[in-house]
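Hi there,

Here is the structure I promised to pass on.

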Amino acid sequence: MKNKMKYVALLRGINVGGNKKVPMTDLKKVFEELGFTDVKTLLNSGNVVFSTNKTEVSDLKKTIEQSLVKMFGFEIPVIVRPQEEMKRLVDENPFKTIEITPDIRLYVTFLAEAPSSHLKIPYESVTKDLRILAVTDSEVCSMVVLSRIKGTLDLMGFIEKEFGKNVTTRNWNTVVKLAKL
């Protein structure tokens, strides 16, 4: 029998502004009914850590998405990553040179497919409120400087225009917690 591996499932667009409500207890139940073990949810934004002996990420994604539609009645895009990838990202810490202030937010945007963006990285917006520090085939690491003019959602819109809508973003603190669950 294969050893179980830990994975992180990141759901896109649930529990935002009262739309696509998904209680975490119900979400956990879906994962347990799929036969996954050690299921834990983090926050109310659709972060699930689970163990399974299945190793094909695309199959896990498809199975989870199908079960979510059955349970909740609407499609919920999911990005699945081995937890080891999260640990690697946290260990490498793309934000280690950033001086954190109360106006700075650090984000990781997880990509469903390799990006076709041609931005020169590191990238900084003309208004200096968005910096993209690193881009890999699976994630974009960015820093947002909060201002009264532009909010985080405006800046995340730029990320979606550049890297596609098949993404989901988490703040750095959440990524660090997911790597440790």
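At roughly what angle do the axes of helix H3 and helix H5 cross? The axes of H3 (residues 83-92) and H5 (residues 172-180) cross at roughly 125 degrees and come within 8 Å. Here axes are lines fitted to C-alpha atoms, for helices over the stretch in contact, and angles run from 0 to 180 degrees between N-to-C directions. Helices (H or I, at least four residues) and strands (E, at least two) are DSSP runs, numbered from the N terminus.

Two points on how to read all this: the model is predicted, so local features need pLDDT of at least 70 and side-chain atom pairs count only at pLDDT 80 or more, while totals for chains, interfaces and linings use all residues. Residues are numbered from 1 along each chain as its sequence is written, and side-chain values use heavy atoms, with hydrogens and water left out.

Back to the helix pair. H3 and H5 are therefore oblique to each other (angles under 35 degrees count as roughly parallel, over 145 as roughly antiparallel, 65 to 115 as roughly perpendicular and the rest as oblique). From H3, the contact (heavy atoms within 4.5 Å) is made by Gln83, Met86, Lys87, Leu89 and Val90. H5 brings Trp172, Val175, Val176, Leu178, Ala179 and Lys180.

Which residues of H3 are buried? They are Gln83, Met86, Leu89 and Val90, where buried means under 20% relative accessible area, exposed over 50% and partly exposed in between (1.4 Å probe, protein chains only). Seen down the axis of H3, these buried residues fall within an arc of 115 degrees, so they line one face of the helix; the arc is that of the directions from the helix axis to the C-beta atoms. Glu84 and Asp91 are exposed on the other side of H3. The cover over the buried residues includes H5 and several strands, among them E1 (5-11), E3 (47-52) and E4 (78-82).

There are some backbone details to check too. Most residues other than glycine have a negative phi, and most peptide bonds are trans. Asn93, which follows H3, has a positive phi near 40 degrees and is partly exposed, with a relative accessible area of 22%. Lys128 also has a positive phi, of about 60 degrees, and is exposed at 52%. Finally, the peptide bond from Ile121 to Pro122 is cis, with omega near 5 degrees, and Pro122 sits in the loop between E5 and strand E6 (123-124).

Best wishes
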